[in-house]
Amino acid sequence: MAGPDDLTGKGAYVASQQIKLAAVFATFLVIFLRDPEILILGRFWAEEGVVYFSLVWNEGFWAQALLPFNGYYSLFVWLAVGLATLVPLDYAPLATGYATLLVMMTGPLLILYAPLSFELSSGCRALCAIFLTLPYVNTGVWLNSINAQFFFAMATALLLICDLSSRRFLMIAALLVLLSGLTGPVSVFLTPLFLMRAFISRERNWWFLALLLTLCAALQSWFMVTALLEGLRSTGGVELLGPRLAGFLLKLLLYPFMLDGARHVADAVEQGGLSTIIPHILAGLALASFLLHLAWHSPHKTGLWLYAALLLGSALSFAGSLQVEAPSLEQIFHHKNGGRYFVMGNLLLAPLLLLPYRGPHTWLAQVRYPLTVLLLATVAYSYQTQKLQGAVWPDEVRQWRENSNYCLQIWPGNPQVGIHSWKMRLLPDQERGVRAVPYMDCMPQLQSN
């Protein structure tokens, strides 16, 4: 017969699992409710449809899947659009949408179920998992495969606080690192942290992950250098390098800790000049120092890995500042204030605040909770209001079936982006794999650029 202690332990385990399952459901709801139509009607986004899907649909998966595009390789995107070509065309964007949903759920699932290098209660795990999907991110990042690389990077960063002693989890982590590193350049920015983690721990498992990510970084670097040499990507000029660096460093000091508020600060700076940013800089430095203190006093200082990953992800966000042609520091400071490239810094901020605190000032452990709520409150407005309008995919497919020369409209479309509408041409079944169609065939305004 089981004793009271056994029953208590079993009850605690059941309660813990129930909390985690509730967090999984809540995380799904947060992702789904932000824009339900994506997972109901389907939506291709920009190059996801015009480049990747149209090429695989028209020419076949193996004719394209080993090729980089625009300076980097995106394995997950090729796999997602390859899956999309296997289902009826009416449901094709749903395949990429649900595949990306799994990627967006990877970070929360890691927090909930992965073996961490420190003890974390089920309640804190649940809060971290939900908060990973809440902070502000650009609408274009939501549930499309070409921007899944940012959520891959977030999940890869979370591995830095995990325990790799389990062989099963090590294999899961290796698969995640390999898929992340081969899907865009974002995750490979974390390579120095994995190498440092391996060097400090002296553990073979960490060296294994670091080696995998280093190989991915070498491959992505090769593709990027090749694209630069061939003129497929621009490095910008060297003029105004001083102001560019100054704007880059100022944003790195402030924006990673402001969530959606960074966008409003940038607008104020562009309109009122740098004098308007002094109080914001002070507030940003105070918050950065506070987070650094929390990270330093987290169990085994594991929070420092998240802090470093947050800054590395943010540095990538502002790389455009170094090549923009702008006549003043104010405009350079405003340029590329976040957008989709800011997602990793945003999504790692709340978990950093919620890590256990082992420092001497216990009152700080209480301050961080209302601070977390305050930071997340800044995104409540943008969560439901920053939605774009675009074509309805089933209607586009119906028109294409009536006229196979019809260019299918996908997202985003004019006037939301103010530049051009994204359209793609799909061949009828009898012509697929027989003749090639330029992927910009329906977008002549870009072919000349």
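Guide: Contact means heavy atoms within 4.5 Å. The model is predicted: local features need pLDDT of at least 70, side-chain atom pairs need 80 or more, and totals for chains, interfaces and linings use all residues. Residues are numbered from 1 along each chain as its sequence is written, and side-chain values use heavy atoms, without hydrogens or water.

Visitor: Which residues are in contact with Asn144, leaving aside neighbours within four places in sequence?

Guide: Arg43, Trp45, Glu48 and Thr100. Asn144 itself sits in the loop between α6 (122-131) and α7.

Visitor: What makes Asn144 buried or exposed?

Guide: Its relative accessible area is 0%. Buried means under 20%, exposed over 50%, and partly exposed in between, with a 1.4 Å probe and protein chains only. Asn144 is therefore buried.

Visitor: What makes the pair of Asn144 and Asn147 side chains a polar contact?

Guide: The distance is 3.0 Å. A polar contact is a pair of N or O atoms within 3.5 Å; within protein, one must be able to donate a hydrogen and the other to accept it, and residues adjacent in sequence count only if both atoms are side-chain atoms. The Asn144 and Asn147 side chains make such a contact.

Visitor: How do you know what counts as a helix or a strand here?

Guide: Both are DSSP runs, numbered from the N terminus: helices are H or I with at least four residues, strands are E with at least two. The protein chain comes to 20 helices and two strands.

Visitor: How are two packed helices described?

Guide: By the angle between their axes and the distance between the axes. Here axes are lines fitted to C-alpha atoms, for helices over the stretch in contact, and angles run from 0 to 180 degrees between N-to-C directions.

Visitor: Why are α5 and α7 called roughly parallel?

Guide: The axes of α5 (residues 92-113) and α7 (residues 148-158) cross at roughly 15° and come within 9 Å. Angles under 35 degrees count as roughly parallel, over 145 as roughly antiparallel, 65 to 115 as roughly perpendicular, and the rest as oblique. So α5 and α7 are roughly parallel to each other.

Visitor: What is the hand of the α5 and α7 crossing?

Guide: Left-handed. That term applies if the near helix is turned anticlockwise from the far one by less than a right angle; clockwise makes it right-handed.

Visitor: Which residues of α5 meet α7?

Guide: Thr100, Val103, Met104, Thr106, Gly107, Pro108, Leu110 and Ile111. Their partners in α7 are Ala148, Phe151, Phe152, Met154, Ala155 and Leu158. By class, the contact has eleven nonpolar, three polar and no charged residues. Ala, Val, Leu, Ile, Met, Phe, Trp, Tyr, Cys and Pro count as nonpolar, Asp, Glu, Lys and Arg as charged, and the others, Gly among them, as polar.

Visitor: At what angle do α3 and α4 cross?

Guide: At roughly 60°, with the axes of α3 (residues 47-59) and α4 (residues 75-84) within 9 Å. This crossing is right-handed. Glu48, Tyr52, Phe53, Leu55 and Val56 in α3 meet Val77, Trp78, Val81, Gly82 and Ala84 in α4. These residues divide into eight nonpolar, one polar and one charged.

Visitor: Where does Lys301 lie?

Guide: In the loop between α13 (278-296) and α14 (303-317). Lys301 has a positive phi of about 60° and is not a glycine. At 34% relative accessibility, Lys301 counts as partly exposed.

Visitor: Why is Ser180 called buried?

Guide: Its relative accessibility is 0%, so Ser180 counts as buried. Ser180 lies in α8 (residues 167-181). Its side chain reaches the backbone oxygen of Leu176 at 2.7 Å. Not counting residues up to four places away in sequence, Ser180 touches Phe152, Thr156 and Ser187.

Visitor: How far apart are Phe194 and Ala157?

Guide: They are 37 residues apart in sequence and 9.0 Å apart in space, C-alpha to C-alpha. Phe194 lies in α9 (residues 191-201). At 0% relative accessibility, Phe194 counts as buried.

Visitor: How much of the protein chain counts as buried?

Guide: 52% of its 449 residues.
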